[in-house]
Amino acid sequence: MQKTKYNNESITSLKGADRVRLRPGVIFGSDGLEGCEHAVFEILSNSIDEAREGYGNKIEVIRYKDQSILIRDYGRGIPVDYNPKEERYNWELVFCELYAGGKYQNNSGENYEFSLGLNGLGTCATQYASAYMDAIIYRDGIRYDLHFEKGENIGGLMKESTKQTQTGTQIRWLPDRDVFTDIAIPLSYFQEMLKRQAIVNAGLTFELYDEESDETFVYVYENGIKDYLSELVENTSLTGVQYLQQETQGRDREDKPEYKLKFETAFCFNNQVHLLEYYHNSSFLEYGGAPDKAVRSAFVSAIDKYLKTNNLYKKDEKKITFSDVEDSLVLVINSFSTITSYENQTKKSITNKFIQEALTEFFREQLEIYFIENKLEADKIASQILANKRSRETAEKTRVSIRKKLTGSLDMNNRVEKFVNCRTKDVSRREIYIVEGDSALGSCKQGRDAEFQAIIPIRGKILNCLKADYNKIFHNDIITDLLKVLGCGVEIKSKHTANLNSFDINQLRWSKIILCTDADVDGFQIRTLLLTMLYRLVPTLIEEKKVYIAESPLYEIIHGKDTYFAYSDAEKTNILSKLKGKVKINRSKGLGENQPEMMWQTTMNPESRRLILVTPDDVERTQEMFELLLGENLSGRKEFIAEEGYKYLELTDIS
């Protein structure tokens, strides 16, 4: 294959719309759906900036069935007429020129002092990335119309006088499939984004109409983050909501220009809800940056100081970490600055050194004052943070203990009592039967295929993992033995025990986990307890279709030299209808009383056994019933027995 020469003529530059259309990820952060969504936010940002300058108090958004989007504001309207200074039309600068806009002088107090859209990229880049864009602008008693297709203007600037006194800008565009790999922006994106903007733009109304569902959604928070925080905690807080605000100015470096910073924050402590959200110039900072670093430093410092001053740490106890604080902290910061250093164009993190330092100092001072003036609340906070810390440390100790117990090979040093392994090392063939009691172990052991079928017996009733705490669960020998045999660790999802996770499905030693219990009340209960354990500790095994129930026959029907097995009353009736002459019907006994040949034929032979795949829905329904029959809901249990109990009388062996 002949290679193209690399010389002076090889260097080219992208021009016009190609600067965006061929490299959308540079501007929007992605050429996929996320980038397409960010383009929406770029257009919305301009409308928000107008409203925040005091022009318009409502922004309308329409999501059309054809995946086009419309955003309408009631601001001053984009200036699009001739610009003598630039000797060009402003519409060319705004819609067709990257790095052109009216917000570059914001630090000098001319326009858009605290602006969300600063870089002069958004409107032009979105226009370039659209299959079409239509702009209608009302200002100075004139209606202006512009139409673009795939980054090119069609028809120039259309102008006509209008009697409409309301000014504003309306932009409708269709994201281009030639630019983005996916343009199907879900309704949830618009809902979440507009709600966030309502939170940080107090009193500004966002109205969303979804043509697909024919629904309208309105978002407005008259008091901004104060109302939002109150909505989140709904009187469940340990403390009252603290609202603070500040205006200051500074610089990121001595040789850099000074700029203005203002911010507001609302926070409280809550043991049911925890949340950290940061916004800067209305942009949601998904990754935080400077404000997040400030909060982490200041809150740990202030609370640690309070704990030490009041001798609340135990002797030689380790210092709190931010994870202990975060577990009970609900906090929103809404900040604005005239100079902002975003990590990139997608504006998900800011890096201003001065903002970080100013916020850190502010929170340290304000928290110290708050703790002094509100001793009762300070003590509640201290107690909760210490509880979080000690719970985390206990969880860490438990995790280490679990790892020691559950990892390693099943050798002499990690032996599981009465576990019977199989010969093959091929995990794709290996099956583990969890059976009920030692007697079942004997018949299953003799009836199995020792090449690929292993057995572990359950000694008595397993612990109810639905109710027990993790400490109790992992001190239960039956459970830890089962987990050892499975080999894949545990997965735990709760507030203070996330670090207990040691799950790795690649370490699972079995292709099938088969629950094999008697077809009676005790057997059903043991099966339910096993399912509950698996659902709580290793739910991924159920999701990955690794867990099965071995269906045991209810009846053995003997007809001459032939034997038939029925797994239900209906099946028994069907079998009997086909047989002539004398038959003998035996009600199935416990697994331990079955002959090995019968165990192989009915329960263990892959060719003739019946396995029921356990799905997440099955387990959830089982858990609900388990909670009803064995939980604390006495009235519910009484009602269920009264209505449904007659169906189960035959299982009680009352003669």
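Which residues does Tyr 228 touch, not counting residues up to four places away in sequence? They are Lys 195, Ile 199, Tyr 221, Leu 275, Glu 277 and Val 332. This is a predicted model. The protein has 655 residues, and 49% of them count as buried. Its secondary structure comes to 20 helices and 26 strands.

**Overall figures**

- The accessible surface of the protein is about 33,300 Å². Carbon and sulfur atoms account for 47% of that surface.
- Take the contacts between residues at least 6 apart in sequence: 68% of them join residues at least 24 apart.
- The structure holds 33 salt bridges.

- Tyr 228 sits in helix H7, which spans residues 225–233.
- Tyr 228 has a relative accessible area of 6%. The cut-off for buried is under 20%, so Tyr 228 counts as buried.
- Ala 266 is 38 residues from Tyr 228 in sequence. In space, their C-alpha atoms are 9.2 Å apart.

**The five-stranded sheet**

- Five strands make an open sheet, in the order E20-E19-E21-E22-E26. The pairing is mixed.
- Strand E20 (453–458) and strand E26 (611–613) are the edge strands, and each pairs on one side only.
- On average, neighbouring strands of this sheet are turned by 30° against each other, direction ignored.
- Strands of a sheet pair through backbone hydrogen bonds, either parallel or antiparallel.
- Strand E19 (residues 431–436) and strand E21 (residues 512–516) run parallel, joined by five bridges.
- Ile 434 stands opposite Leu 515 of E21.

- Ser 511 lies in the loop between helix H14 (477–486) and E21.
- Ser 511 is buried, at 17% relative accessible area.
- The side chain of Ser 511 reaches the backbone oxygen of Ser 428 at 3.4 Å.
- Neighbours within four places in sequence aside, Ser 511 is in contact with Val 427, Ser 428, Arg 429, Arg 430, Glu 431 and Lys 546.

**Strand E5 and its partners**

- Strand E5 covers residues 130–139. Seven of its 10 residues are buried, so the strand is mostly covered.
- E5 pairs with strand E9 (residues 168–175) in the antiparallel sense, over eight bridges. Met 133 stands opposite Trp 173 in E9.
- E5 is also joined to strand E6 (residues 142–149) by eight bridges, and this pair runs antiparallel. Ile 136 has Asp 145 in E6 as its bridge partner.
- The hairpin of E5 and E6 has two residues between the strands. Asp 140 in this hairpin takes a positive phi near 55°.

**Salt bridge Arg 392–Asp 324**

- Arg 392 forms a salt bridge with Asp 324, with the closest N and O atoms 2.6 Å apart.
- Arg 392 lies in helix H11 (residues 375–406), and Asp 324 lies in helix H9 (residues 322–326). The pair therefore ties together parts that are 68 residues apart in sequence.
- Arg 392 is partly exposed, at 22% relative accessible area. Asp 324 is buried, at 0%.

**Salt bridge Asp 304–Lys 308**

- The side chains of Asp 304 and Lys 308 meet in a salt bridge at 3.2 Å, N to O.
- Why are Asp 304 and Lys 308 separated by about one helical turn? Because they are four residues apart in helix H8 (residues 290–309).
- Asp 304 counts as buried, at 6% relative accessibility.

**A salt-bridge network**

- Lys 58, Glu 60, Arg 72 and Glu 207 are linked in a network of salt bridges.
- Within this group, the side chains of Glu 60 and Lys 58 meet at 3.6 Å, N to O.
- Is Glu 60 buried or exposed? Glu 60 is buried, with a relative accessible area of 11%.
- Lys 58 is partly exposed, at 26% relative accessible area.

Notes
Residues numbered from 1 in each chain as written. Predicted model: local features only at pLDDT ≥ 70, side-chain atom pairs only at ≥ 80, totals over all residues. Heavy atoms only, no water. Pairing = 2+ DSSP bridges. Axes fitted to C-alpha atoms, helices over the stretch in contact; angles between N-to-C directions. Buried < 20%, exposed > 50% of the residue type's maximum accessible area, 1.4 Å probe, protein only. Contact = heavy atoms within 4.5 Å. Areas by Shrake-Rupley, 256 points an atom, 1.4 Å probe, with all protein chains shown as cover. Salt bridge = Lys/Arg side-chain N within 4 Å of Asp/Glu carboxyl O. Polar contact = N/O pair within 3.5 Å; in protein donor to acceptor, adjacent residues only side chain to side chain.
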